[in-house]
Amino acid sequence: MEGVGSNLKVVESSRRIRYCDGLLRVLGLLLTLVAAILTGADKETKTIPISITKTLPTLHVPVTAKWHYMSAFVYFFVSNAMAFSYAAASLVASMAVRTSKDKAGLVVVILDMAIMGLLLSANGAAIAVGILGQYGNSHVQWRKVCNSFGGFCHQMTAAIILSLVGSLVFFWLVAVALLNLHKKSR
């Protein structure tokens, strides 16, 4: 009778882990998709007054801020698009394969870690550029741009926050896989 109860717990634990894995993959998929969409749609045009000298009249020049003007934001966009694509593929693969093979499971964990690293590096690059946009750098005469393009900066900030949460989701996917591996090794 004890053997039946312990097998039931293993099956229940396995289902719970698969459910948690699927839920985290859907969450990672949605977060990286929305971050990529927010980034790809981020554009703001303002008319900026420019005064060359006090004797000349002020010029009103339309200036546009777009995400693809900065290579760090391009990297951020591409990384989130790749993470979304991977999350979609891994979700389909995990739903198609009911029983996890050791080698296939190991490949998925390694890919989860790679995507997590990719997202974290892209977030770091985007945050660095965002800080320069917010505060500027007086030592090299880089001016603040977020005071002029507030909507652009707010939308990019939202995308970065979503992407950071997405990278945490991939961290939890790795953690769940490692916990599952630890339980199986006992």
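This is a predicted model: local features need pLDDT of at least 70, side-chain atom pairs count only at pLDDT 80 or more; totals for chains, interfaces and linings use all residues.

Student: Is Asp112 buried or exposed?

Tutor: Buried means under 20% relative accessible area, exposed over 50%, partly exposed in between (1.4 Å probe, protein chains only). Asp112 has a relative accessible area of 1%, so it is buried. It lies in helix H3, residues 102-135. Helices (H or I, at least four residues) and strands (E, at least two) are DSSP runs, numbered from the N terminus.

Student: Which side chain does the side chain of Asp112 join in a polar contact?

Tutor: A polar contact is a pair of N or O atoms within 3.5 Å; within protein, one must be able to donate a hydrogen and the other to accept it, and residues adjacent in sequence count only if both atoms are side-chain atoms. Here the partner is Arg25, at 2.9 Å.

Student: What does the side chain of Asp42 reach?

Tutor: The backbone nitrogen of Met156, at 3.4 Å. Asp42 sits in the loop between helix H1 (2-40) and strand S1 (43-50).

Student: How many aromatic pairs does a search of the whole structure find?

Tutor: A pair of aromatic rings is described by the distance of the centres and the angle of the planes. Rings of Phe, Tyr and Trp (its six-membered ring) pair if their centres lie within 6.5 Å; planes under 30 degrees apart count as stacked, over 60 as edge-to-face and the rest as tilted. The search finds 4. One of them is Trp67 with Phe77, tilted, at 4.6 Å centre to centre and 40 degrees between the planes. Trp67 is buried at 14% relative accessible area, and Phe77 is partly exposed at 24%.

Student: Why is the pair of Tyr86 and Phe170 tilted?

Tutor: Their planes are at 40 degrees, with centres 6.2 Å apart, so the pair is tilted. Tyr86 lies in helix H2 and Phe170 in helix H4 (residues 150-185), so the pair ties together parts 84 residues apart in sequence. Tyr86 is buried at 13% relative accessibility; Phe170 is buried at 1%.

Conventions: Residues are numbered from 1 along each chain as its sequence is written. Side-chain values use heavy atoms; hydrogens and water are left out.
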